[in-house]
Structures are given as structure tokens and as C-alpha cells.
Amino acid sequence: MDDITIARALHVLAVIVWVGGVVMVTWVILPAARRMAKPEDRIAFFEGVERRFALQARVMTLLAAGSGFYMVHQLGMWSRFLDSAFWWMHAMVAVWAVFTLVLFVFEPLFLHRWFVERARQAPERTFALVQRLHWVLATISLLTAVAAVAGTHGAI
Ligand code: HEM
């Protein structure tokens with residue numbers, strides 16, 4: 001196996017674990033948390049899951065970016081970012097940038113505190129909002145993954 005194949009395999013592995021986790025939280029964990037009767041239980045359950053997932057997602061975003069930029073550099077693909085036909089390359093970097101901001105900047109700075117305080121005061125509205133935001137993230141990630149496969153294999 002050459003270095004590009006290894007980088008590609010690591011890239012796809014990172015995307016599977018990361019995006020799969022986002023989908024799991026959106027489709028399974030959040031609906032299960034919202035069905036819990038006591039707001040304190042909901043917050044504790046969701047916090048426990050998100051704390052573990054945040055670590056996994058941080059490692060996977062780093063691996064996806066490392067392997068992705070390695071391929072860009074080794075295959076001389078930097079000029080693709082100047083060509084709108086390669087919008088799916090921009091989409092990959094944009095999705096990665098959104099997650100990086102949320103996981104490495106917003107979450108430790110204020111997002112975590114904001115969630116706990118708001119969820120205690122208005123649990124229904126807060127969980128509904130968090131679920132909507134997760135739907136947006138899951139949808140753009142899945143669409144980007146599909147576009148990336150299509151783009152990589154010359155279908156768009
Ligand atoms: C810093 C961020 C990223 C960079 C620099 C990057 C870079 C790349 C590159 C260079 C390729 C190979 C393109 C080719 O061979 O023509 C690729 C493929 C791919 N990327 Fe990304 N990517 C990034 C983030 C993402 C994200 C966030 C996703 C998913 C949401 C993603 C999903 C994929 C998929 C599914 C492939 C296709 C693999 C294949 O079929 O061979 N990437 N990426």
C-alpha cells in the first residue's frame with residue numbers, strides 16, 4: 001500500500017467514526033434523552049454521552065484534516081481551491097472548520113456552560129434547539145460525504 005492509499009483509508013475511517021457519531025447522537029441519543037421524564041436525568045445522560053463523544057470527535061477531526069491535507073499536498077491539489085468546479089473540496093474544509101470551531105473553541109469557552117444553564121431553566125426548548133442544530137450538522141456532513149465520493153470518483 002502506498003502513502004496516498006493509507007492517507008485515503010485513514011481519511012475515510014475518520015469520517016465514518018466522526019459523522020457516524022453525529023448521526024447516532026441526532027437520531028438515537030437526543031430522542032432517547034428527550035423521552036426521559038426528569039430534566040436533571042436528561043441533562044446528566046446527554047452530558048455523559050456528549051463528553052465521551054466530544055473526545056472521539058476531536059481526535060477524528062484532527063485525523064480527517066491531517067490525512068486530507070496530506071493528500072492535497074502530496075497530490076498537488078491546492079489549485080482545486082481556486083476552482084468552483086471543486087466545490088465539494090470547499091464543502092469538506094467548511095464542514096471540518098465548523099466542527100473544529102464548535103469542538104475546540106465554542107465548547108470549552110462557553111457552549112457547555114450555556115447548555116447546562118439553559119437546559120435547567122427551559123429543558124424542552126433547549127433540547128429542541130440542540131436537536132435542530134444536530135440535524136443541521138448531521139445533514140451537511142452526510143451531504144458533503146456523498147458529494148466527496150462523487151467528486152473523487154469523477155461523477156460531478
Ligand atoms: C480539512 C478537511 C478536509 C480535507 C483537506 C479533505 C481532503 C480530501 C481529499 C484531498 C480527498 C481526495 C480527493 C481526490 O482523490 O480527488 C478527500 C476525499 C474524501 N473526503 Fe475529505 N477532506 C476534508 C474533510 C472531509 C470531511 C469533513 C468529510 C465528510 C463529511 C470528508 C469526506 C471525504 C470522502 C467521503 C472522500 C472520498 C474518499 C474516496 O472515495 O476515495 N472529507 N478529502
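Here are a few exercises on the structure above, each with a worked solution.

The model is predicted, so local features need pLDDT of at least 70 and side-chain atom pairs count only at pLDDT 80 or more, while totals for chains, interfaces and linings use all residues. Residues are numbered from 1 along each chain as its sequence is written.

**Exercise 1: the overall layout**

Work out which elements the protein has and what its C-alpha trace spans.

*Solution.* Start with the elements, which are DSSP runs numbered from the N terminus: helices are H or I with at least four residues, strands are E with at least two. You get four helices and zero strands, in the order α-α-α-α from the N terminus on. Next, the principal axes: the C-alpha trace spans about 55 × 25 × 25 Å.

**Exercise 2: the ligand shell**

Find which helices supply the shell around the ligand, and sort its residues by class.

*Solution.* Collect residues whose C-beta atom, placed from the backbone, lies within 6 Å of the molecule. That gives 22 residues, with Gly68, Met71, Met92, Trp96 and Ala148 the closest. Then sort, with Ala, Val, Leu, Ile, Met, Phe, Trp, Tyr, Cys and Pro as nonpolar, Asp, Glu, Lys and Arg as charged, and the others, Gly among them, as polar. The tally is 16 nonpolar, five polar and one charged.

**Exercise 3: α2 against α3**

*Solution.* For the contact itself (C-beta atoms, placed from the backbone, within 7 Å), α2 brings residues including Ile43, Arg58 and Gly68, and α3 brings residues including Trp96, Phe104 and Glu107. By class, the contact residues split into 13 nonpolar, three polar and two charged.

**Exercise 4: alanine 138**

Why does alanine 138 count as partly exposed, and which residues does it touch?

*Solution.* First place it: alanine 138 is in helix α4. Count other C-beta atoms within 10 Å: 20 or more means buried, 12 or fewer exposed, and in between partly exposed. Alanine 138 has 19 such neighbours, so it lands in the partly exposed class. Finally, skip neighbours within four places in sequence, and alanine 138 is in contact with Val22, Val23 and Thr26.

Conventions
Contact = placed C-beta atoms within 7 Å.
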